[in-house]
Amino acid sequence: MTAWLLRRLAASVAIIFAVVTFVFILIHLAPGDPCIVGTGEGVPDPAVCRSLIRQFALDQPVLVQYWRYLVELAHGNLGYSFALHRPVWDALVDTMPFTLQLAGAALLIDFGLGLALGIYQAWRLNRLPDVVLGNVTLFVYSLPTFWLGLILLLLFGEKLRLFPVGGASDPVLCPLVDSFYCLADRIWHMVLPAVTLGLVGAAGTARFQRAAMLEVAQQDFVRTARAKGLPERRVVLHHQLRNALLSVITRFGLTLPFLLTGAVLVETIFAWPGMGRLTVDAILRRDYAIVTAAALIASSLVVAGSLIADLLLGFADPRIRVHEDAVVDIVTA
Amino acid sequence: MTFGSWLALVVAIVLSAEVVRWLRHRALRHERWRRFFRHPTAAWGCGILTFLIIVAIAAPLVAPLDPIVQPDPVRLKNHAPSLTFLMGTDVFSRDVWSRFAYGARVSLGIGALGALIAVSLGSCVGAVAGYYRRWVDAILMRGVDIGLALPRIFIVLMAVALWDRLSFAWLTLVIGLTSWFATSRLVRAEVLALRERDFVVAARALGVPSSRVIFGHVLPNAAAPIIVSAALSVGNVLLLEASLSFLGIGVAPPRPSWGNMIADGAVTIYTAPWTTLFAGLAISLVVMSLNAVADGLRDALDPRQDPA
């Protein structure tokens with residue numbers, strides 16, 4: 001188990017290293033020169049430009065720059081954002097709590113609602129509720145998140161005026177009134193973006209869960225349970241559900257990175273001051289330090305997601321308690 | 001809407017209904033395709049896809065106006081849907097229905113081409129990795145691991161932002177080249193099982209060259225999962241294109257794509273929601289249809305359900 005874990009960790013680090021290298025190469029392949037592009041205010045003074053190039057070692061060979069970059073990264077230094085005039089780390093620390101709050105709420109909706117629907121559908125298999133919900137989840141699952149966000153914004157933000165149309169908190173009242181008001185205010189602001197992000201995921205989870213329940217339903221022990229005369233509810237909720245939950249763990253591992261990449265669009269629409277919006281702004285401003293850092297975080301999430309899922313599966317299911325390479329290979333759907 | 005475009009629209013609807021009816025009729029003869037049409041959503045999906053493909057191909061006939069020309073930006077902007085403007089007009093007074101029809105060309109085109117690139121590349125890599133195993137497999141699959149860990153939307157965003165605007169061809173290529181990883185894993189798993197089967201062993205024993213064994217014997221038998229994943233890829237590529245265009249770095253305006261149209265309408269969503277509404281609905285319908293068709297295909301192509 002320890003050997004397996006060490007090997008997996010080494011592989012994870014290697015993958016993240018490769019992603020970072022790839023992003024570095026991509027940035028250096030791109031045409032453009034700090035002296036030509038400037039910061040958008042025309043061509044900078046050649047002397048200033050030369051000193052800037054020397055200061056950031058841009059005149060060094062690419063390999064030297066790469067090495068310096070890796071050394072800095074190993075020290076936990078993610079670089080300096082020229083557009084924001086502050087270290088990348090500070091910008092991330094400021095935005096990360098917002099993304100985590102949003103992602104947490106979305107995750108709750110995703111799996112809470114998704115599991116409930118999937119289980120209910122499997123219980124009422126091929127009856128009216130199952131058929132209706134099957135079509136509804138198919139439709140919701142196919143919605144582009146950013147479009148759903150816009151429509152929810154239009155309906156609940158503008159037409160019904162139930163929820164705010166953007167931002168993360170009330171900029172005027174919140175600092176004045178007590179913290180309880182702030183908490184309520186934050187939740188109120190979070191409803192629309194979290195629902196947007198969570199609903200599409202929940203539809204996917206529901207479909208996934210239903211399929212997993214049906215897969216289990218064909219196995220012998222379920223037939224045995226029925227043959228013993230157990231009530232249907234107990235067969236579904238006890239025998240089927242417990243085994244179907246195993247594949248939910250896999251899905252959980254796959255959803256983890258999506259919460260950042262999916263948040264990119266949703267945060268942009270709802271003006272949510274999180275990491276996704278920071279990244280989009282950085283890309284549009286060509287602020288490479290932040291983009292590289294975001295890519296690093298996103299790929300770490302992918303790797304961490306599959307690692308966590310594998311570990312949880314090992315805990316939850318004694319049958320696959322990791323022996324050598326027989327680890328469940330997580331296939332991305 | 002001119003008389004000609006109304007006529008073309010009606011013909012398109014009737015034609016797509018007829019195509020589905022014809023397919024259904026043909027399907028009666030084959031057990032597999034009967035299984036496909038047992039899904040009511042799969043039949044609807046076929047119909048919707050056929051209709052939108054006809055609209056895309058016949059865009060000049062179906063669309064009454066030029067999708068780029070702004071007829072009268074002062075008096076004709078943000079008109080609600082009516083009989084003259086089937087889906088209303090946008091903030092630049094362009095006819096949304098005309099843009100919708102021409103946008104179908106761009107969006108469905110990128111979806112189909114991008115998915116074609118992704119699925120062919122994924123199948124080749126997966127087949128080679130699964131067939132040769134050993135170090136070839138190890139290297140290719142570690143590469144796929146890295147590819148799966150790449151935050152795809154960031155990479156495409158960066159590629160697009162770094163090279164300013166990508167042309168249509170480059171955009172399709174970049175999207176295609178970053179979407180094949182999952183397919184290759186799927187195909188590899190399939191090939192790993194197939195390569196031990198007797199007919200493959202026999203072909204190898206007869207001295208058939210490896211390339212012919214892979215493309216002539218192994219891959220055709222892995223067709224079912226490949227086809228299903230192709231249907232799903234088209235939807236994924238379409239969604240990715242729409243997200244990029246929505247962020248303003250996909251298909252270059254004023255050329256219409258559905259993602260572009262959503263972005264155009266997002267600014268005026270409170271006053272003229274129709275600009276955004278129809279384009280988004282079209283994307284959802286296409287993706288939904290593709291998912292439904294993929295579900296149907298999965299059932300139809302499942303050999304375990306074939307009568308003995």
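Q: I'm new here. How many helices and strands does chain A have?
A: Keep in mind that this is a predicted model. In chain A you'll find 12 helices and two strands. Walk along from the N terminus and the order is α-α-α-α-β-β-α-α-α-α-α-α-α-α.

Q: What share of chain A's residues count as buried?
A: Of its 333 residues, 44% do.

Q: How do I read contacts along the sequence of chain A?
A: Take the contacts between residues at least 6 apart in sequence: 73% of these join residues at least 24 apart.

Q: And what should I look for in a helix?
A: Here's the general idea: an α-helix has 3.6 residues a turn, so residues three or four places apart point the same way. Now try helix H5 of chain A, residues 88-123. Its 36 residues reach 50 Å from first C-alpha to last, close to the 52 Å expected at 1.5 Å a residue.

Q: Where does H5(A) have a kink?
A: Look at Thr95(A), shortly before the proline Pro97(A); the kink there is about 35°.

Q: Is Phe246(B) buried or exposed?
A: Buried: its relative accessible area is 13%, and the cut-off for buried is under 20%. You'll find Phe246(B) in helix H12 of chain B, residues 223-246.

Q: Which residues does Phe246(B) touch?
A: Leaving out residues up to four places away in sequence, it touches Phe146(A), Leu150(A), Leu265(A) and Ile269(A), plus Gly259(B), Ile262(B), Ala263(B) and Ala266(B). Gly259(B) is 13 residues from Phe246(B) in sequence, and their C-alpha atoms are 5.2 Å apart.

Methods. Residues are numbered from 1 along each chain as its sequence is written. Chains are lettered from A and ligands numbered from 1 in the order in which they are written. This is a predicted model: local features need pLDDT of at least 70, side-chain atom pairs count only at pLDDT 80 or more; totals for chains, interfaces and linings use all residues. Side-chain values use heavy atoms; hydrogens and water are left out. Helices (H or I, at least four residues) and strands (E, at least two) are DSSP runs, numbered from the N terminus. Buried means under 20% relative accessible area, exposed over 50%, partly exposed in between (1.4 Å probe, protein chains only). Contact means heavy atoms within 4.5 Å. The expected span of a helix is 1.5 Å times one less than its number of residues. The bend at a residue is the angle between axes fitted to the seven residues ending there and the seven starting there.
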